[in-house]
Amino acid sequence: MKIEGKQNIWKEYQKEIAEDHFFYVRSCVRQNFFPGSEKTFLRILQYELKKDLFENPSHTTCSGIGYHTDIIPFETSMTMVARQFALMTEAGYENLVTSCITSFGLYSEVLETWHHFPELEEKTRQFLRKATGREFKKPANVSHASDIIFKFRKEIAEKSKYSLVNKDTGKPLRVVEHIGCHYSKMFPSKGIGGAEYPYVLVGMIEDWGGEVIDYPERRHCCGFGFRQYLVQANRGFSISCSKKKFDSMEPYKPDMILTNCPGCPMFLDRWQYAISEMEGKTYGENNQGIPVLTYEELAGLVLGYNPWDLGLQVHQVPAEPLLDKMGIPYDPEMKFRGADGQDLGKPEAPTTLKFYAKEV
Amino acid sequence: MSKTAIIIGGGTAGMETASQLARLGVEVDLIEKQPHLGGHLKNWDRLFPNRRNSDEVFDYLEKGMNDGISLHLNAEISNIRKSEEKFTIALQDGKELQSDALVIATGYEVFDARKKEEYGYGIYDNVITSVELEEFFRSNKQKNLLEGVASKRIGIIHCVGSRDEKAGNLYCSKLCCVTGVKQAIEIKELMPDAEIFCFYMDLRMFDRHFEEMYYEAQEKWGIQFIRGRLSEASENTDHTLLVKVEDTLTGLPLKMKVDLLILLVGFVPSPETRRLAAMLGLKEGDDRFLCPADEHTITNSTEIPGVFLAGTVKGPAGIANTITDARATAIQVADYLK
Amino acid sequence: MKSFGYNITEDRQIDFDANDRNVTVFINEIEPSILLCMGCGSCTATCTTGHFTDFNIRKIHTLIQRGELKHLKKEIMKCMLCGKCQLVCPRGVNLRNLILSIHTALEKSGL
């Protein structure tokens, strides 16, 4: 592998990312999937980087899930997107930051549509006016939250307490990165590093001490694919896609998988459990899985946040093997306790996948 | 006073046009930006379809560089003026040349394989272009190239940058197919144990003896052809490459490990061709190659009186066709100058 | 093993490196004209069996080259060895001997 070749491609896919004063829009599903991630993003931006960030509780879904499952027409999506823009305009912000990759893709798609078909923008303005009486300005900058963490990755590295280095061997940890399809496969120029060799997660991994694994099925879909998952009978497609990736990355012995989409970490994490139950197959050492983290969770670990504050206890594949390698202390007793120390009960252990360090 | 012509480009087309015009009594200035003549021909080791040494063709062309031809090597053109049927060309070193006719023979360059990002050229260790393979053959370094290769399975990818809207080129480069078959045979000559797979969409063996080469490749050398375009290549842990295609004749996706991947890069008009076309107001086709006055009948003149075209400025062409075309151009120029 | 109401689908992709190509090498050695196929399909177009069953001798040939031997035994039993395929082949491939060689190869390899 010639790193200069990749660097040349990365140079061609740079994008403008706002510096400060962000209007943050949350994801519909991430607070269920990985509940600590969005909170961690706010904590990093507001308390570590001292950035101004604003949220409006009356923002809604962007409608991306409905749009991509063919139950919401594009006109409706455009109007809902226009409403979020109106909330941003009313709050006096112009830099939009999305938590969700599909939202990022949809906002980009709507803006690109309006660029080519200004009459649709005008029509959407009329719809929004009639429905809500609101007006909006288009954002000056649309970034995904992973773009922001990418932009400030070196500042995070300077403040870091832990790095992606195996504390026993001193060697960089080997990380698989997987970006969401709607991040740069729709508009390669809107993603850092483009679609073929995306750099957004690679930059974080490198600056936080890790080593990126380029494995043959790197570009293969995680398997979410909306309709594939939402209909139970179709889930075989979804799990088969994830399995194809696991089979391909396994020989590289990854220490973790890093993702920037709501769907990818969900499926790359949960399907490891399902595969272990269906076929008895696991992909880490000693029947462990390969821990799958969001970029906010990883940034939080690097900054020394308590793993249980990051929500790592809701992962199906335990993150503890990764914490051990990075030398991050944690209290196993506190894993399933609430913020006030209340015992929340312990989940049932999977049949094959190693879930608890010791049998319970 | 005898009439004069300036020929821009000292490759196969420019050399042959110059040689024929000199023979017809025209005084010729031949401008070449490189320090030597021969253009792309100098990068070839052996030529299809008979695998003769390319130097023999160069020697023939060089013999035509007789009296009546003034050579200007290392010469960059800064501008061209036309006034009262005379062309004045200013070179970057301050020199000025004048003539009654102008021949554009600035040819092509090969497609930049880095633009097909998913093929990993310039990124993966064992991905090279057909041009690089030819250079290795030519410089006798071929053993070094292939010694590093472990189990000697080689993939040859057709149509890289050709017939591809994503690469911006809808046209067929015509000669990559035969180049791939020629190079496959040449690799087999050097490494009889090598397994060679050509991944193609159509095999366009259009010219005399091309189809027979394809037959020989299968019959004598056991070269295998898989009909399917490369979708992406990835690097394995051991620096081999995993290629993914559809094997369209079985209707199934296929993956295969290869030790070396050779990309058959197609033709694109050279930047100099496009710069001169813009300078002179010559018409470019949808494929960005230059348009002659008529595609069937007036194939060597342009719509601008006194400006002629020769060789691959008009599209992909092999050596034989380029030489024939150059001769046709010479006759058109000589007629014009009468 | 648990069932969640869906299955893990087997990959349709030909995994060239995982396939055993000993049968392929054996057949190609017995009948080298097999290498001359250019996939035109005139054999299949003229094949009587192919008109009434899903027997496709061109595809069988290609699958063997890839080392895909599933269903091969069942498929070749459909051939009546009439030899019309061979009559139309523009490259002179001895297709009848292809079928016979497959029989021999499968017997030898115990498939």
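Modeller: First, helices (H or I, at least four residues) and strands (E, at least two) are DSSP runs, numbered from the N terminus. This is a predicted model, where local features need pLDDT of at least 70, side-chain atom pairs count only at pLDDT 80 or more, and totals for chains, interfaces and linings use all residues, while side-chain values use heavy atoms, leaving out hydrogens and water. Residues are numbered from 1 along each chain as its sequence is written, with chains lettered from A and ligands numbered from 1 in the order in which they are written.

Colleague: Which residues of helix 11 of chain A are buried?

Modeller: V200(A), L201(A), V202(A), G203(A), M204(A) and I205(A) (buried: under 20% relative accessible area, 1.4 Å probe, protein chains only). That's 6 of the 8 residues in helix 11 (200-207) of chain A, so the rest of the structure largely encloses this helix. Just after helix 11 of chain A, G209(A) has a positive phi of about 100°.

Colleague: And how do I read two packed helices?

Modeller: Use the angle between their axes and the distance between the axes. Helix 4 (residues 57-65) and helix 7 (residues 95-109) of chain C pack at about 55°, their axes 12 Å apart (lines fitted to C-alpha atoms over the stretch in contact; angles run from 0 to 180 degrees between N-to-C directions).

Colleague: Which residues of helix 4 of chain C meet helix 7 of chain C?

Modeller: I57(C), I60(C), H61(C) and I64(C), which meet L95(C), L98(C), I99(C) and I102(C) of helix 7 of chain C (contact: heavy atoms within 4.5 Å).

Key
Buried means under 20% relative accessible area, exposed over 50%, partly exposed in between (1.4 Å probe, protein chains only).
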